Amino acid sequence: MNIENFISEVVRQSVEALYGPLAGEQLQIQKTRKEFEGDYTLVTFPLLRRSRKSPEATATEIGEYMTANVPEIKSFNVIKGFLNLVLDGAFWAKRFEEIFADEKFGEAESTGRTIMIEYSSPNTNKPLHLGHIRNNLLGYSVAQILKANGHNVMKVNLVNDRGIHICKSMLAWKLYGNGETPESTGMKGDHLVGKYYVEFDKHYKAQIKELMAQGQSEDEAKKNAPVMLQAQEMLRKWEAKDPEVYSLWETMNGWVYEGFDVTYKALGVDFDKVYYESQTYLLGKSLVEEGLQKGVFYRRDDNSVWIDLTADGLDEKLLLRGDGTSVYMTQDLGTAYRRFEDNKLDDMIYVVGNEQNYHFQVLKLVLKKLGYADWSDHITHLSYGMVELPEGKMKSREGTVVDADDLIADMVSTAREISDEMGKLNDCSEEEAQKVSNMVGLGALKYFILKVDPKKTMLFDPKESIDFNGNTGPFIQYTHARIRSIMRKAAEAGIDFSGAANVELLLEEIELVKAISEYPAVVKQAGDTFSPSVIGNYIYELAKTFNGYYHDHSILKEENAEVRKMRIQLADQVSKVIRKGMKLMGIDVPERM
């Protein structure tokens with residue numbers, strides 16, 4: 001039973017019994033605010049012209065009718081024109097019985113909609129860093145949440161494997177690498193290539209300084225630095241498919257892909273399809289030709305192609321350079337067109353940082369002007385804030401980024417240290433202890449990042465994230481392990497907790513049932529807002545409520561067999577919801593700790 005639907009229906013019937021049929025008017029019903037007694041609140045102000053009474057009198061009249069005629073309504077109270085309704089314990093007991101019997105609780109029916117979500121989108125000139133971690137975790141989690149909402153979801157990655165930044169690493173390796181390989185150095189391939197991206201920047205800056213000392217302006221020096229001119233020449237050769245440059249590009253990208261795969265596996269994220277910019281960057285050129293023919297775009301004297309968006313409050317946007325080479329926008333137009341055509345998509349979500357807000361605003365507008373309004377409105381930019389550290393911002397060129405692999409390893413070793421100190425792994429074998437440490441370290445990292453609203457810039461503090469108290473992954477994981485321990489002990493004692501328990505619920509038990517019953521609505525809200533933080537904060541509150549209940553009430557030692565059965569079922573259901581919710585965030589929960 002959907003509680004919201006049930007409440008809406010009984011309130012409607014009661015209002016119509018008192019004041020006659022509602023002619024399409026919407027009743028305003030909401031969850032009762034925490035500071036007041038009640039489960040659901042009816043706002044009576046829109047009904048006053050029907051009741052011809054004061055707000056308080058109208059609310060009282062409806063409340064009295066409902067307590068007399070709706071068995072599930074135990075009591076009511078009136079605050080001004082707000083009618084707060086209290087559902088009785090039997091209603092919640094029945095609701096819990098339904099939830100406990102429903103194996104697919106919280107999973108929506110299929111909608112038939114196909115949604116593609118693109119995330120990660122790394123460059124092949126450096127390893128993944130903390131910023132990529134937020135992108136990957138966010139993309140993967142939103143994909144899981146959309147699946148739970150009944151959608152068919154395609155997870156894709158568009159790898160930026162071409163361009164001047166890639167040539168910088170290639171050139172630096174060629175000039176200063178002495179033939180180093182991942183095998184000869186023992187370095188992960190993405191780390192080795194990233195080392196040469198930093199190396200390029202070092203030499204580039206030194207050359208700029210030198211040219212400025214010779215009297216060139218900074219802008220001139222930047223353009224004339226020999227390594228930059230060589231990198232630009234290398235890009236031209238790549239576009240012309242020069243065998244030597246192309247072969248080096250394939251080799252170094254191969255190193256990077258092997259490195260990325262290790263990081264993706266450690267993070268627990270995956271993709272249904274990987275696109276490569278080297279294969280998609282030409283896709284938009286035919287759309288540019290089409291736009292020129294339609295008069296949507298115009299060509300300048302230098303042969304470059306532009307669109308004028310000043311009438312839309314934006315600026316003029318380059319779509320094709322004078323030499324015919326494409327820009328990001330050209331590629332994104334073509335890729336979007338191809339994806340919607342090939343996959344019959346209903347929606348396309350790009351998980352990209354908020355520094356690209358303007359880019360996606362332009363992309364949608366250009367597609368609309370080209371005549372693709374029917375699907376361009378179904379493009380969503382899931383814009384997220386940057387991740388900062390207590391010591392400030394990160395820069396890849398200067399090698400000051402927090403490397404993803406190092407961070408994952410640090411989180412796991414810190415989880416092991418803290419768990420050992422607290423005696424959380426005393427009953428585990430070495431293999432189990434390592435598995436739990438891995439789960440807790442990654443759980444801490446993922447939860448800390450995903451519990452923050454995606455739109456917000458966030459400060460990542462590794463120490464704070466791995467605390468076993470407070471709003472953290474380890475606190476939730478430990479709550480789950482504690483409940484699984486109760487379930488094991490119940491099984492060892494041969495306690496049968498199947499079937500409905502015929503007992504009256506305590507107030508704290510009703511609160512737990514209420515919290516559990518909100519899970520499907522929470523999953524829907526997280527899907528509607530593309531925000532895993534909605535799930536995370538809900539699961540934390542559920543774990544906290546359970547721990548408070550467990551502290552005050554015995555479960556296995558309860559003498560009344562029916563009460564004990566109900567309490568074991570309640571604990572079991574809490575652990576199921578924690579497990580399902582955390583899985584939607586890409587987080588595993590241990591059976592024992």
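The exercises below work through helix packing and strand pairing in a predicted model.

Residues are numbered from 1 along each chain as its sequence is written, and side-chain values use heavy atoms, with hydrogens and water left out. Local features need pLDDT of at least 70 and side-chain atom pairs count only at pLDDT 80 or more, while totals for chains, interfaces and linings use all residues.

**Exercise 1.** Describe how helix 6 packs against helix 10.

Solution. 
Step 1. Locate the elements: helix 6 covers residues 164-176 and helix 10 covers residues 226-239. Helices (H or I, at least four residues) and strands (E, at least two) are DSSP runs, numbered from the N terminus.
Step 2. Take the geometry: the two axes come within 9 Å and cross at roughly 115°. Axes are lines fitted to C-alpha atoms, for helices over the stretch in contact, and angles run from 0 to 180 degrees between N-to-C directions.
Step 3. Classify the angle: helix 6 is therefore roughly perpendicular to helix 10 (65 to 115 degrees; under 35 is roughly parallel, over 145 roughly antiparallel, the rest oblique).
Step 4. List the contacts (heavy atoms within 4.5 Å): residues of helix 6 including Ile164, Cys167, Met170 and Leu171 meet residues of helix 10, among them Val227, Met228, Ala231 and Leu235.
Step 5. Sort the contact residues of the two helices: 11 are nonpolar, two polar and two charged (Ala, Val, Leu, Ile, Met, Phe, Trp, Tyr, Cys and Pro count as nonpolar, Asp, Glu, Lys and Arg as charged, and the others, Gly among them, as polar).

**Exercise 2.** Work out the layout of the open sheet of four strands.

Solution. 
Step 1. Read the order: it is 1-2-4-3, with antiparallel pairing. Two strands pair if DSSP finds at least two bridges between them.
Step 2. Find the edges: strand 1 (28-31) and strand 3 (73-79) each pair on one side only.
Step 3. Place the helix: helix 3 (residues 55-69) lies across strand 2, strand 3 and strand 4 (82-87), at about 175° to strand 3.

**Exercise 3.** Trace the pairing from strand 8 to strand 9 and from strand 9 to strand 10.

Solution. 
Step 1. Strand 8 (residues 298-299) and strand 9 (residues 305-308) run antiparallel, joined by two bridges; Arg299 stands opposite Val305.
Step 2. Their hairpin has five residues between the strands, and Asn303 takes a positive phi near 80°.
Step 3. Strand 9 is joined to strand 10 (residues 316-320) by four bridges, again antiparallel, and Ile307 has Lys317 as its bridge partner.
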